[in-house]
Amino acid sequence: MIPQRIIAAKREGEALEPAALEAFLSAYLEGAVGEEQMAAFLMAVYFNGLNDDELAALVESMISSGTVMERKGWPGPRVDKHSTGGVGDKTSLVLAPLAAELGMVVPMISGRGLGHTGGTLDKLEAIPGFRTRLPLAEFDRVLRAVGCAMIGQTEEIAPLDRRLYALRDVTATVPSLPLITASIMSKKLVEGLDGLVLDVKVGRGGFMTRTGEARALARAMCGVGEARGLAMTAILSAMDRPLGRAAGNALEVDEALACLRGDGPPELRALCIELAAEMAVVGGVAAAPDEGRRRARAALDGGGAMERFLRLAAAQGGRLGAGGGELPRAPEMAVVGAEADGVVAEIDPLALGYGVIRLGGGRTRSAQEIDPRVGFRLAVEVGGGVGRGDPIAEVHAATPAGLEAGVRSVRQAVRVVEESVRADQLPLVIDRIRCGIPSPWSAASNGCR
Ligand code: URA
């Protein structure tokens, strides 16, 4: 196998033989294909895509690069949720304990921040002491004891995806339908799941900016899962604005804790309840989404989900203190005020996501250390009215220079216009695609729709 020939073939838009692609990928794992060659290959895939056979070969290579977990012998259905990535998306921190509280077993493998989006692992690591690199035997112990466990990839878990994920992050090759499909589905398929819920983000803050693209991504992921017997639902949700009010790792943990206490921003709570309800359905612990929603609300408001999160954090070494009091705080904070009276027409999630990176809360190079303390806490929502000087956001920064950069990011992200202009935004839940589920609520049970 000559790496340059594989790269050139993909650059020219030719279809690769699955065996040739698999040989190229395993040579990369063994060090016989260099990072620069893989970066060039990823860019060729970004432009020319992969056909179904190539995609299946990529998924298979990612899965077989590590261990596959055991699906049988657990006290409940193994169910997970994965998001395609957004700004302010802290739903995983709420959903793992919430779904466990509803009777599911949640073996969650998450990623770090990717491009301008935040990552669940980075958020968890904002909790002092929280260990996201558990050996699989310990992961299993936490899962049996708590009903949920949250880790990142290790050399044991889809290591090929782990390496490609880090490379895509810094080579602008993230927003590619086949690369996202393979990355997400390989991680989920090694978890030995009975059911999976995908949250496919649509809008400037996600990797799919249009609903049609997001639907195609959802269908591609459903196709891969369904071929392997997984019950799935994909929700298309709004990412034309940040989810909730906090962006930045420790600030997002704080907001997730508020949601777990039955509080927090309404959109964050609403999306968590929707996703938990769909998890309950694909896991077979609720007959229909309404029952799942009702039980999810009760678990948030009754304190069960919060108590479960505290047990999870403790089992993985995290020290939260009373009410999250031990979360790290940035030394500099400024409140940004509105420059004029009006209505908030837009909060650009992309500007805020890059703002977090500029503050040091995300990466510009693989394996870079990040500062968990920095970020933004919005004081306004799209459609809300403001008066001149009213607070629109807090900036949390490590240095005075960071603070200034953060203030600029807020000014760029939050657009205030005259009151006569109507603010336009996507519905929070845009669509649902159900796949391969024996459906109790409709006669048509099989196939994506
Ligand atoms: N999440 C992943 O795990 N991989 C991607 O490629 C994008 C989001």
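This is a predicted model: local features need pLDDT of at least 70, side-chain atom pairs count only at pLDDT 80 or more; totals for chains, interfaces and linings use all residues.
Strand β5 (residues 231-238) runs antiparallel to β13, and 6 bridges hold the two together; strands here are DSSP runs of E with at least two residues, helices are H or I runs of at least four, and both are numbered from the N terminus. Residues are numbered from 1 along each chain as its sequence is written, and side-chain values use heavy atoms, with hydrogens and water left out.

The sheet itself is open and mixed, with 4 strands in the order β1-β4-β5-β13; strands count as paired if DSSP finds at least two bridges between them. At the edges sit β1 (79-83) and β13 (429-435), each pairing on one side only. Neighbouring strands are turned by 15° against each other on average, direction ignored. Helix α12 (residues 266-283) packs on this sheet and touches β1, β4 (195-202), β5 and β13, contact being heavy atoms within 4.5 Å. The direction of α12 makes about 150° with that of β4, using axes fitted to C-alpha atoms (for helices, over the stretch in contact) and angles from 0 to 180 degrees between N-to-C directions.

Helix α5 (residues 91-101) is mostly covered, with 10 of its 11 residues buried, that is, under 20% relative accessible area with a 1.4 Å probe and protein chains only. Just past α5, Gly 103 adopts a positive phi of about 100°.

On a 1 Å grid over the protein atoms alone, a cavity is a set of points where a 1.4 Å probe fits but cannot get out, a pocket is an open set with protein on both sides within 12 Å along at least five of seven lines, and lining residues have an atom within 4 Å of a point. Grid points are joined across faces, edges and corners, and a volume is the space filled by probe spheres set on the points. The largest cavity comes to about 310 Å³.

How values were computed:
Buried means under 20% relative accessible area, exposed over 50%, partly exposed in between (1.4 Å probe, protein chains only).
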